[in-house]
Amino acid sequence: MEVTVTDLTVRFGAVAVLDDVDLEIASGERRALIGPNGAGKTTLLNVIAGELRPAQGSVRLGTRDATTLPPWKRARLGLGRTFQRSTLFGQLTVAENVALAVRARIRGSWRFWPGGQHPVREEVGKRLEAAALAHLANRRAANIGHGEQRMLELELALAASPSVLLLDEPMAGLSGAERQSVLNRLLTLPRQVTIVIVEHDLDAVFAIAERVSVLDHGVKIADGGPAAVRADPRVQEAYIGAF
Ligand SMILES: Nc1ncnc2c1ncn2[C@@H]1O[C@H](COP(=O)(O)OP(=O)(O)OP(=O)(O)O)[C@@H](O)[C@H]1O
Ligand SMILES: [Mg+2]
């Protein structure tokens, strides 16, 4: 699904945190949103997800004007996201967390583990494999590692079968190996999923993104292919020493 943001302005008090931002993200695209701390990246994701209303401008999801839709209606249109804070049920097992997310999508039986072969059970197994979490299936989510929890959160978002996935710093606080697992999982996703990723790990950004949009102090200062964005003097100035 396409995501189109037009003339978007968000103010906190007198300060414009986003200033007349435009984004055109094609269906199936992998788009990165980068910029220094406080640039407005999370704010932009919040506006796309519907958690924040812009002072000005519009958000379209596919052909639909979503500017005034609440988050749950956007979710129903196919918008998925991961959050900075954990959304796991810590006392449930890893597998039960995935089962809940799968069942929320297909609304089948009320039981976690119906007898015999069951589509939910089968899908949970596949998802745990895909997330490299199968060996932790029966551990409580609260008791697995931080990186494993982030992978689980990503898998829960994917279980909703989103057409657009918004990711806010999915690699933050992860080890090199854990970053690689998140990256690998993202690289396996089908083109039915449009990905918008905010991330400070520029190696990961350039490994996945086809286009990169750069925010600085609420203004979009660059938008284009990874090589062009890397070479852009304004980007280099905003990101002194980062490349
Ligand atoms: N609820 C709020 N009220 C007032 N100011 C806010 C609020 N939320 C964010 N801001 C300010 O808006 C600006 C943009 O914040 P935002 O969280 O979108 O930045 P970011 O690009 O995601 O930064 P980071 O890379 O550190 O996550 C910052 O200056 C921040 O202090
Ligand atoms: Mg942020």
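## Salt bridges

The structure, a predicted model, holds 12 salt bridges. A salt bridge is a side-chain nitrogen of Lys or Arg within 4 Å of a carboxyl oxygen of Asp or Glu. One of them joins the side chains of Arg-31 and Glu-29, with 2.7 Å from N to O. Both Arg-31 and Glu-29 are buried, where buried means under 20% relative accessible area, exposed means over 50%, and partly exposed lies in between (1.4 Å probe, protein chains only). Arg-31 and Glu-29 also belong to a network of salt bridges that links them with Arg-211, Lys-220 and Asp-223.

## Bridges between distant parts of the chain

Glu-123 and Arg-105 form a salt bridge in which the closest N and O atoms are 2.8 Å apart. This pair links distant parts of the chain, 18 residues apart: Glu-123 lies in helix H4 (residues 119-130) and Arg-105 in helix H3. Helices (H or I, at least four residues) and strands (E, at least two) are DSSP runs, numbered from the N terminus. Glu-123 counts as buried because its relative accessibility is 17%, whereas Arg-105 is partly exposed, with a relative accessible area of 32%.

A further salt bridge brings together the side chains of Arg-191 and Glu-210 (2.8 Å, N to O). This pair also links distant parts of the chain, 19 residues apart. Arg-191 is in the loop between helix H6 (176-187) and strand S8 (194-198), while Glu-210 is in the loop between helix H7 (202-208) and strand S9 (211-216). Arg-191 has a relative accessible area of 48% and is therefore partly exposed; Glu-210, with 34%, is partly exposed.

## A positive patch on the surface

Arg-64, Lys-73, Arg-76 and Arg-107 gather in a patch of positive charge on the surface. Patches are made of residues with over 30% relative accessible area and no salt bridge; like charges are joined within 9 Å, and nonpolar side chains (Val, Leu, Ile, Met, Phe, Trp, Tyr) within 5 Å. Accessible areas come from the Shrake-Rupley method with a 1.4 Å probe, and for residues only the protein chains shown count as cover. Lys and Arg count as positive and Asp and Glu as negative, while His and the chain ends are not counted. The place of a charge is taken as NZ of Lys, CZ of Arg, CG of Asp or CD of Glu.

## Helix H1

Helix H1 (residues 41-49) is largely enclosed by the rest of the structure, because seven of its nine residues are buried. The buried residues in H1 are Lys-41, Thr-43, Leu-44, Leu-45, Val-47, Ile-48 and Ala-49. Just after H1, Gly-50 adopts a positive phi of about 95°.

Thr-93 is found in the loop between strand S6 (79-81) and H3. With a relative accessible area of 14%, Thr-93 is buried. Apart from neighbours within four places in sequence, Thr-93 is in contact (heavy atoms within 4.5 Å) with Ala-137, Asn-138, Arg-139, Arg-140 and Ala-141.

Ala-104 lies in helix H3 (residues 94-106) and, at 49% relative accessibility, counts as partly exposed. The C-alpha atoms of Ala-104 and Ala-32 are separated by 28 Å, and these residues are 72 apart along the chain.

## Basis of the values

Residues are numbered from 1 along each chain as its sequence is written, and chains are lettered from A and ligands numbered from 1 in the order in which they are written. In this predicted model, local features need pLDDT of at least 70, side-chain atom pairs count only at pLDDT 80 or more, and totals for chains, interfaces and linings use all residues, while side-chain values use heavy atoms, with hydrogens and water left out.
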